[in-house]
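Work through the exercises below with the model open in a viewer. Each task is followed by a solution in steps.

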Amino acid sequence: MQRRSFLAAGFAATILLTASPGQAHALLRQADPPAGSKQPIPPPVVTLTFSEAVETRFSTIAVTDAHGKRVDFDTPQHVGDDPKTLSVPLHTLSPGTYTVTWHATSVDTHKTQGSYTFTVAG
Amino acid sequence: MYRTTALAAGLGAALVAAPEGARAHVIVGPRVFPVTLTFDDPGTADEATLPQVTLAPGSDGAEAYAVQWEYDKTITPNTALIYNQGYDILSQRGAKTRTGFENVAITAKWQAITDADTESVVSLGVIRVFAGGSHTQAVGGDTFGSTVPSLYFGQGGGFLPVPLLRPLALSGEINYVIPDRRLDSTLDNGGTPGGWTGGLSFQYSMSYLQTEVRDFGLPDFVNRLIPLVELTYYSPANAPANGYPMTLQLAPGCIYLADSYQVGLEALIPLNTAAGANVGFTMQVHFFLDDLFPDSLGRPIFP
């Protein structure tokens, strides 16, 4: 038992010391506008921040109005040099509820997806 | 698989249900099904538990400790082999402490259905529990093996009409234990009756709440929590089943889900006498090898 416990503890230490940092599933950590928020003025962009670096070429963000019409334009890009972000510009939004649907591919090819809504106040 | 552990001599019919050991997490669309602590989760992945520690106090000063470990290895992206084992210490005032390794269990698992849009996942598996020696028997394990066909499932609550309920999720496992030596009518052949085991969990993902429903501006630590309640059970399949009563256990707790590991803590509350006499605890540290080593240990053997 003591030997196996020692081996288990050593394996755990090895994991922590030799693991590759920054390579994992890209889970959404922060959104702007935030999920479920009510925006007093129409936001000009949607920015998503993930737990890991994402590939802009293999990631998408679609922002649609209540009728399903796209209100974003251009392909998602990083914000500055931050590889953990994706951002798309928006047309001027009218008051109403909008849905953000995203698909992200991390740099180690793990795929994640999600969606949320926000509201622009009238 | 749900394994009952006999406490040290003098406890009579009191049994303690020991968790089988933690398992993998699975991501289905926006839903992360974490590793549950008392039964397996519904998917396949490259992961490891190092360790899971359980304390299960019995009556009359008896205590059972278990240290368990586990390693999951994907063969293809949707199939995996899983190794589980543990070491038990059973102590009681006035009696000699008994120690021994649990039966080794190897699971072959196939993640058969994964639907990101409905947040649904179903896996099928077969667990082979290998025969143990005298030390295994000393801590309530079996000197013969068993084969356990298993079904695993997970369902996220993203479809629910009430937004604040959407972070809820359900996961479960159903097993049928087929012992190599089935208890016969003499009740004296050293066998067991086999039976149904399984678990069910109700989870609430704070991360799902923040990113899919409504961001309340809570601290990051809170947004990584998954409060949950697990329920595990065992019931003998066929008569005779003397000495193998139905057991039912509730395990409320919380999981902290980091990017490449998780830590979980749950109380173990027996819901009937056969499941134990007192409240115990289980704590688990689990590593996501597919996130830590995506180019080596974390990749399927056949991608």
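## Exercise 1: an annotated span in chain A

Residues 25-120 of chain A have end C-alpha atoms 31 Å apart, and the span is 0% helix and 51% strand. Helices (H or I, at least four residues) and strands (E, at least two) are DSSP runs, numbered from the N terminus. This is a predicted model, in which local features need pLDDT of at least 70, side-chain atom pairs count only at pLDDT 80 or more, and totals for chains, interfaces and linings use all residues. Residues are numbered from 1 along each chain as its sequence is written, chains are lettered from A and ligands numbered from 1 in the order in which they are written, and side-chain values use heavy atoms, with hydrogens and water left out.

Task: State which UniProt annotation covers residues 25-120 of chain A, and describe the secondary structure of chain A.

Solution. 
1. The unreviewed UniProt entry gives "domain: CopC" for residues 25-120 of chain A. UniProt positions are given in the numbering used here, feature names are shortened, and annotations may be inferred rather than shown by experiment.
2. Chain A has one helix and eight strands, in the sequence order α-β-β-β-β-β-β-β-β.
3. Of its 122 residues, 43% count as buried. Buried means under 20% relative accessible area, exposed over 50%, and partly exposed in between (1.4 Å probe, protein chains only).

## Exercise 2: chain B in outline

Task: How many helices and strands does chain B have, and what percentage of its residues is buried?

Solution. 
1. The count for chain B is four helices and 17 strands.
2. Of the 303 residues in chain B, 54% are buried.
3. Taking the contacts in chain B between residues at least 6 apart in sequence, 60% join residues at least 24 apart. Contact means heavy atoms within 4.5 Å.

## Exercise 3: the largest cavity and α2(B)

Task: Find which residues are closest to the centre of the largest cavity, and which element gives the largest share of its lining.

Solution. 
1. The structure holds five cavities of 30 Å³ or more, and the largest cavity has about 220 Å³ of space. On a 1 Å grid over the protein atoms alone, a cavity is a set of points where a 1.4 Å probe fits but cannot get out, and a pocket is an open set with protein on both sides within 12 Å along at least five of seven lines; lining residues have an atom within 4 Å of a point. Grid points are joined across faces, edges and corners, and a volume is the space filled by probe spheres set on the points.
2. The lining has 20 residues, of which A:Leu27, B:Pro30, B:Val32, B:Ser207 and B:Thr211 are the closest to the centre.
3. Four residues come from α2(B), the largest share.
4. Seven of the eight residues of α2(B) are buried, so this helix is largely enclosed by the rest of the structure. Among the buried residues are B:Met206, B:Tyr208 and B:Thr211.

## Exercise 4: the largest pocket

Task: Give the volume of the largest pocket and divide its lining residues into nonpolar, polar and charged.

Solution. 
1. The volume is about 870 Å³.
2. Of 32 lining residues, A:His25, A:Thr109, A:His110, A:Lys111 and B:Pro77 are the closest to the centre.
3. The lining divides into eleven nonpolar, 15 polar and six charged residues. Ala, Val, Leu, Ile, Met, Phe, Trp, Tyr, Cys and Pro count as nonpolar, Asp, Glu, Lys and Arg as charged, and the others, Gly among them, as polar.
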